[in-house]
Amino acid sequence: KHSAMTPALLKDAADRDMAKELNKAWQSDACRLLRAFLEQPHVSAVVVEQEGQKAAHKVLPHSTRVVELLRAHHLPDRPAGMDTVDPYVKLRIACDDETWWEAKSCTKENSADPEWNEIFFVDLPMERGCELHLEVVDDNGGALLDTSFAKSEVLSKEQLLKDQDLQVSLQSKGTFCRDVS
């Protein structure tokens with residue numbers, strides 16, 4: 001797959017550094033379209049034929065998965081002492097208790113029933129145990145002011161590798177708390 005590689009998948013330090021720089025750009029709307037185009041079977045076949053298998057020895061075995069963030073329902077409308085909720089979602093892949101990949105959705109202002117309809121591409125290493133964590137956060141103008149109020153159940157690599165849609169339930173964190181990460 002031709003995509004922004006998760007830096008840890010690459011064996012060479014120079015390749016890892018370049019992947020770190022390019023990773024954020026690949027999450028833009030234009031690059032999402034480009035990635036979807038490049039992953040079409042007929043396009044992929046042409047690219048492989050042009051490049052051969054030269055890069056195969058530089059990359060650890062992995063599987064590229066598509067995470068589609070659709071919507072949330074019935075988020076708290078007005079948390080105690082706060083304005084209307086402005087939710088976004090933090091997505092994080094942890095492999096062997098280390099953050100492997102992370103991304104953030106766009107913020108949906110003043111919405112207790114947000115619809116994101118966003119797509120994220122994730123490269124999962126095949127040789128490591130990985131989990132997907134989702135967290136819904138209220139945007140209050142900055143990371144130190146944002147309020148985390150719901151997390152998903154943890155999805156295992158086995159669940160992510162199945163070719164099926166998953167509906168994820170959110171669990172309230174109890175009381176609102178400030179995110180200081």
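Reader: Hi! Which residue forms a disulfide with Cys95?

Author: Cys130 does, and the two sulfur atoms sit 2.1 Å apart; a disulfide here is a pair of cysteine sulfur atoms within 2.5 Å. Keep in mind that this is a predicted model, where local features need pLDDT of at least 70, side-chain atom pairs count only at pLDDT 80 or more, and totals for chains, interfaces and linings use all residues.

Reader: Thanks! Which parts of the chain does the pair link?

Author: Distant ones: Cys95 is in strand β2 (residues 87–95) and Cys130 is in strand β5 (residues 130–138), 35 residues apart. Strands are DSSP runs of E with at least two residues, numbered from the N terminus.

Reader: And why is the disulfide called right-handed?

Author: The torsion about the S-S bond of Cys95 and Cys130 is about 100°, so the disulfide is right-handed.

Reader: Is Cys95 buried or exposed?

Author: Cys95 is buried, at 0% relative accessible area. Buried means under 20% relative accessible area, exposed over 50%, and partly exposed in between, using a 1.4 Å probe and protein chains only. Cys106, by contrast, is partly exposed at 35%.

Reader: How many disulfides does the structure hold?

Author: The structure holds 1 disulfide.

Reader: New topic, charges! Which side chains meet in a salt bridge?

Author: Those of Asp96 and Arg128, at 3.0 Å from N to O. For a salt bridge, a side-chain nitrogen of Lys or Arg has to be within 4 Å of a carboxyl oxygen of Asp or Glu. This pair links distant parts of the chain too: Asp96 is in the loop between β2 and β3 (98–104), Arg128 is in the loop between β4 and β5, and they are 32 residues apart. Asp96 is partly exposed at 45%, and Arg128 is partly exposed at 23%.

Reader: What is the phi of Asp96?

Author: Asp96 has a positive phi of about 50°, although it is not a glycine. Asp97, in the loop between β2 and β3, has a positive phi as well, near 65°. Asp97 counts as exposed, at 80% relative accessibility.

Reader: Over to the strands, then. Why is β4 described as largely enclosed?

Author: 8 of the 11 residues of strand β4 (residues 115–125) are buried, so the rest of the structure largely encloses it. Strand β1 (residues 62–71) runs antiparallel to β4, and 9 bridges join them; strands pair if DSSP finds at least two bridges between them.

Reader: Which residue is the bridge partner of Arg65 in β4?

Author: Val122. Arg65 lies in strand β1 and counts as buried at 17% relative accessibility. A polar atom of the Arg65 side chain lies 3.4 Å from the backbone oxygen of Leu161. Beyond neighbours within four places in sequence, the residues in contact with Arg65 include Phe120, Leu160 and Asp163, where contact means heavy atoms within 4.5 Å.

Reader: Last one: how many residues has the largest nonpolar core?

Author: It has 25, and those with the most contacts inside it are Val89, Leu91, Ile93, Trp101, Phe120 and Leu132. Such a core is a set of buried Ala, Val, Leu, Ile, Met, Phe, Trp, Tyr and Cys residues joined through side-chain atoms within 4.5 Å. The elements giving two or more residues to this core are β1, β2, β3, β4, β5 and β6 (147–152).

Methods:
Residues numbered from 1 in each chain as written. Heavy atoms only, no water. Helix = DSSP H or I, 4+ residues; strand = E, 2+ residues; numbered from the N terminus. Polar contact = N/O pair within 3.5 Å; in protein donor to acceptor, adjacent residues only side chain to side chain.
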